[in-house]
Amino acid sequence: MGQERGRVALGIAGVGTVGRGVLELLLVQKETLSKKAGVALEIVRVVDRDAEQKLSGLSNLGGLDVSSNLEDLLKPDVDIVIELIGGTQAAKDLIFGSLEKKKSVVTANKALLSSLGREIFELAQKQGVGLGLEASVGGGIPLIEVIRNNLVANRLDGLYGILNGTSNFILEAMTQKRIPFEQALAEAGAKGYAEADPTLDISGKDTAHKLCVLLGVALDFWPGLGAVYTEGIERVAELDIAYGADLGMVIKLLAIVKRVGRSIECRVHPVMVPERHLLAHVNGAFNALYLDLSCTGPLLFFGQGAGRYPTASAVVADTVAIAGGLARGVYALRPPGSLDGEPSLTSVPMEEIETEYYLRYMVSDVPGMVGKIATALGNHGVSISQVIQKERNEGGERVPVVLLTHKTKERCLKAALKEIYSLGDVLGEPPQVIRIERFAS
Ligand code: HSE
């Protein structure tokens, strides 16, 4: 193996945005990174369908082997496989194949980890090899290793994450410039923030993938995407942003975890956040993770959650840490669950969560409408804290009616909305429903 020859041999799969950044950093900083690792780091192979073209412009490639066959990374001369191809099937084969052959793995693949993280951890532990996931959540922000190492004295009580830069950029552009969703999405695309398929970003799915990785790492709880209630930002309208501002709130797409005994609330959806809260000030394509922990109290991490060099920074850090451990023969992968995971954790069904709500109906401006809505809410035990109807239109066009509720169970709210729906078309399109979060600390 490489380390017996006084070096650790690296193989890289994928020379896209992040892969190219990793290559550059490992080549340009070869000497200093080797010094930091305590062992010579050498890239022996790069695999990409389009490698020749993607490697153009890179100097000091040395004797690097270039291939388009992922299986070449399973050859005995590679110690650490750096998986940056994304997607699921080929990446899955590569990661499991590498671990089976006792190679350490560094990956940024949040989609794969969200569904197979537990199995990947178990196999890496069984094989006694390294596993680096830092780049899978929050790009350049050190989150995974901090959770796994520096916070082990804590129990996780709450987690609130802005984990998708594209969505955050869109919501902020809508807020600052008062532009519609489609225009803000186009701006995000032009700036290169969005995934190849931007529906992953705006549907909340990318955030849910990252939430699943965090749940796995922190609590050894692997609910899978299906158990994480996920709602995107597609329906957030300029009107809601404007009402939010009047109410002293900002709309953010949040990943939320709350521990309720042995049950875990885990969900992703737009949230109205008080303007005074730190998360309300995370702007542009930045990410942030706010943790509520038993010893430290609240902690906030902030930085660039995507992009070539921020994400490459995380990949390189994992690679250097694992290489150093391998070379010294002391690498041992600690199990997940650093923030007090318990084997019997279950997720709270969405119907059972309790929160405050912002509701916006577009109603015909006829007497009694607000009363009918309020009565239906009351019939299901949903208590109203505020009603706003600013506009008047006797000409027949619909006007917004906004209601805020006190804390209520989602199940009761849904039942009330169903009753309101049965009142007929004087209520127009389905209401806008945005949950409000006031934070425990
Ligand atoms: N498209 C993602 C984002 C970046 O907008 O945050 C990588 O996860």
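I looked up the contact between two domains first: 18 residues of domain 2 touch 19 residues of domain 3, where contact means heavy atoms within 4.5 Å. The model is predicted, so I note that local features need pLDDT of at least 70 and side-chain atom pairs pLDDT 80 or more, while totals for chains, interfaces and linings use all residues. Residues are numbered from 1 along each chain as its sequence is written, and side-chain values use heavy atoms, with hydrogens and water left out.

I then checked the bounds, which come from an automatic or database domain assignment. Domain 2 covers 145–305 and domain 3 covers 350–436. Their centres, taken over C-alpha atoms, are 25 Å apart.

Next I took the buried area, the accessible area (1.4 Å probe) that two parts lose on being put together, summed over both. For this pair I found about 1600 Å², with 59% from carbon and sulfur atoms. In domain 2, R235, Y243 and M272 lose the most area to domain 3, together 36% of what that side buries.

I searched for salt bridges (a side-chain nitrogen of Lys or Arg within 4 Å of a carboxyl oxygen of Asp or Glu). The rule finds 2 across this interface of domain 2 and domain 3. I also noted a salt bridge between D240 and R360, with the closest N and O atoms 2.6 Å apart.

Last, I listed the elements (DSSP runs: helices H or I of at least four residues, strands E of at least two, numbered from the N terminus). On the side of domain 2 that touches domain 3, α11 (238–246), β9 (249–260) and β10 (263–274) each give two or more residues. The largest share, 6 residues, comes from β10.
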